[in-house]
Amino acid sequence: MTSYQNTPVILESAVTPLRKGEPLLSTEQMINEGMASLAAGAAIVHHHHDFRQSRSDATAQIIRIERELLQAYPDAFLYADYLRGDTTWEKNAHLQPMADAGVLRMISLDPGLTQFGFLDEDGLPTLHVQNGATYPDCVEVMKFAQRVQQPLMIGIYEPGNLRWAMAFAKAGKLPSGSMIKLYFGGEWVLGGTRVPGTNFGMPPTVQALDVYLGLMEGSQVPWMVSLMGGVLLDSPIARHALERGGHLRVGVEDTAGGTDLNNAQTVEAAARLVAEVGRPLADCSSARKLLIGDAGRRVA
């Protein structure tokens, strides 16, 4: 029996579809989807907001969503998407108000700049959307997370980004409770329903996951896998991640319409796979204890 088989599995649910031509979820819908995911066994919920709003209105919406989720699940880890903006602190302008409101539980950080390819009329990836942040900007966000004593969810899109994160992990500079999230690129692009594209980073294969695990060898930072532009539970990396001690992100955001399951159903399906592998499932309180310890328990 390997050492991690008694380690609870943390499930994240990314609840906001964000697909062209589909209506945005209302505040109430995002709260309901988050509640359903947590009730189904997720310990982390990632959600978006109405991007058409001003930064102040978007921040108020985010605070309301997280406050209501925390009233029902005070130990849950919650984190929102970035706001619209040109600079790092415009994109993260919601963080300090969330901390002031007592609802900040986790901070998203995507180190490095990643291009998401879109195909032109000839089927070639001549178009792109670029996301992420420069390393100097990421350091500033990390310092903020250390100051407010909240963990980072560090999204890894390319192997070089993981090298950056591991340098800070080895130096003991990551905030307590932080996780590494390994994003794999599927066959579809985000923002549509099964729209083909040339995606970023590594494909969802066992061999690709093992490359990442090699880069993390010796690290004790918890990690999870996610498949953007595909269905994680239909790929070989979900089971392999569990067998190697990792955790899973599901929910409808990343699937690009590749499944008819709703958020709660993806969590339930992931929980069944966890049981098949023989590891326990973490509820919110055990996930918090796993990441931060007893001293990190928060009360809304």
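Visitor: How much space lies in the largest cavity?
Guide: About 50 Å³. A cavity here is a set of points on a 1 Å grid over the protein atoms alone where a 1.4 Å probe fits but cannot get out, and lining residues have an atom within 4 Å of a point. The volume is the space filled by probe spheres set on the points, which are joined across faces, edges and corners. This is a predicted model: local features need pLDDT of at least 70, side-chain atom pairs count only at pLDDT 80 or more, and totals for chains, interfaces and linings use all residues. Residues are numbered from 1 along each chain as its sequence is written, and side-chain values use heavy atoms, with hydrogens and water left out.

Visitor: Which residues line the largest cavity?
Guide: Among them are Tyr79, Asp81, His94, Met98 and Ile107.

Visitor: And the second largest cavity, what's its volume?
Guide: About 40 Å³. Its lining includes His49, Phe51, Arg55 and Leu83.

Visitor: How many cavities of 30 Å³ or more are there?
Guide: The whole-structure search finds 3.

Visitor: Switching to packing: which residues have the most contacts inside the largest nonpolar core?
Guide: Ile180, Leu182, Phe184 and Val225, in a core of 81 residues. Such a core is a set of buried (under 20% relative accessible area, 1.4 Å probe, protein chains only) Ala, Val, Leu, Ile, Met, Phe, Trp, Tyr and Cys residues joined through side-chain atoms within 4.5 Å.

Technical notes:
1 Å grid on protein atoms, 1.4 Å probe; cavity = no way out; pocket = protein on both sides within 12 Å on 5 of 7 lines; lining within 4 Å. Buried < 20%, exposed > 50% of the residue type's maximum accessible area, 1.4 Å probe, protein only.
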